[in-house]
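Try each task before reading its solution.

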Amino acid sequence: MKKRAIRGFTVVEMLVAMLILAIVGVGLTTGISSAIGVYHTSVFTSESQLLTGTLDTALADVLRYAKYEKAATEEEGDTTAHFSNTNYRVVNGSLLAYEGRLKMNPTDGAPTKDTLLNLLSDSAYSTMSLRDLTLKYEDTTHVFSGSYTLVSTRDSTLTKTVNFAYRTLVC
């Protein structure tokens, strides 16, 4: 009886196998990277909708019962309207984006970390920060209006700009 020689893989067969594994690896890496990007976008969309609703409620509470106050330093084109609101003990105060959060300055003085009031707790912002807040007042319609931008802290390309308008009940 003849014994058969045990043969291994040739170099060409090994190269083809390595090439197939490399193609599969690149495909998996690309797919996983895309899935992670879609996940981050989905989480930002969901959390920004939730935060927008919460901010909408907080802004409505403050501005619906606010009385517009023209600040001594206010000029045409200013992006921050001043107001008073007795419920919040605000006299000629303003809203501002400070350290990525919505804050209220209760007086017309220079804002400091100690004098600013939180409208929402820090946990409400989770993975986002707020910037570019504007607030204007239209005297003829008694409407406070403005906008702000939410930015993801994980990916700065994920942003959402929100416009708002509230008619004041105090004229």
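## Exercise 1: A threonine and its partners

The side chain of Thr168 comes to 2.4 Å from the backbone oxygen of Ala66. Keep in mind that this is a predicted model.

**Task.** Work out where Thr168 is found, whether Thr168 is buried or exposed, and which residues Thr168 touches.

**Solution.** 

Step 1. Find the place in the chain. Thr168 sits in the segment after strand E8, which covers 159-167.

Step 2. Check the accessibility. The relative accessible area of Thr168 is 3%, and buried means under 20%, so Thr168 counts as buried.

Step 3. Besides the backbone oxygen of Ala66 at 2.4 Å, the Thr168 side chain reaches the backbone oxygen of Val170 at 3.2 Å.

Step 4. Collect the other neighbours. Leaving out residues up to four places away in sequence, Thr168 touches Leu63, Arg64, Ala66, Tyr137, His142 and Phe144.

## Exercise 2: Pairing up the charges

**Task.** How many salt bridges does the structure hold, and which parts does the pair of Asp122 and Arg101 tie together?

**Solution.** 

Step 1. Count them. The structure holds 2 salt bridges.

Step 2. Take Asp122 and Arg101. Their side chains meet in a salt bridge, 3.4 Å from N to O. Asp122 lies in the loop between E5 and E6 while Arg101 lies in strand E4, so this pair ties together parts that are 21 residues apart in sequence.

Step 3. Strand E4 spans residues 101-105, and the loop with Asp122 runs between E5 (117-118) and E6 (128-138).

Step 4. Asp132 forms a salt bridge with Arg131, and the closest N and O atoms are 3.5 Å apart. Asp132 is partly exposed at 49% relative accessibility, and Arg131 is partly exposed at 40%.

## Exercise 3: Who else sits around Arg101?

**Task.** Which backbone oxygen lies 3.3 Å from a polar atom of the Arg101 side chain, and with which residues is Arg101 in contact?

**Solution.** 

Step 1. Start with the backbone. The oxygen in question belongs to Met128.

Step 2. List the contacts. Setting aside neighbours within four places in sequence, Arg101 is in contact with Leu96, Asp122, Tyr125, Met128, Ser129 and Leu130.

Step 3. Met128 brings its backbone oxygen, whereas Asp122 makes a polar contact through its side chain at 3.4 Å.

Step 4. Ser42 is 80 residues away along the chain, and the C-alpha atoms of Asp122 and Ser42 are separated by 22 Å.

## Exercise 4: Tracing the sheet

**Task.** What is the strand order in the open sheet of 5 strands, and which residues in the turns have a positive phi?

**Solution.** 

Step 1. Write down the order. The open sheet runs E1-E2-E3-E4-E5, with antiparallel pairing. Its edge strands are E1 (67-69) and E5, each pairing on one side only.

Step 2. Look at E2 and E3. Strand E2 (residues 82-85) and strand E3 (residues 90-98) run antiparallel and are joined by 2 bridges. Phe83 stands opposite Gly93, and Asn85 has Val90 as its bridge partner.

Step 3. Inspect their turn. E2 and E3 form a hairpin with 4 residues between them, and Arg89 in the turn has a positive phi of about 55 degrees.

Step 4. Move on to E3 and E4. These antiparallel strands are joined by 5 bridges, and Ser94 stands opposite Asn105 in E4. The E3 and E4 hairpin has 2 residues between the strands, and here Glu99 in the turn has a positive phi of about 55 degrees.

Key: Residues numbered from 1 in each chain as written. Predicted model: local features only at pLDDT ≥ 70, side-chain atom pairs only at ≥ 80, totals over all residues. Heavy atoms only, no water. Polar contact = N/O pair within 3.5 Å; in protein donor to acceptor, adjacent residues only side chain to side chain. Contact = heavy atoms within 4.5 Å. Pairing = 2+ DSSP bridges. Buried < 20%, exposed > 50% of the residue type's maximum accessible area, 1.4 Å probe, protein only. Salt bridge = Lys/Arg side-chain N within 4 Å of Asp/Glu carboxyl O.
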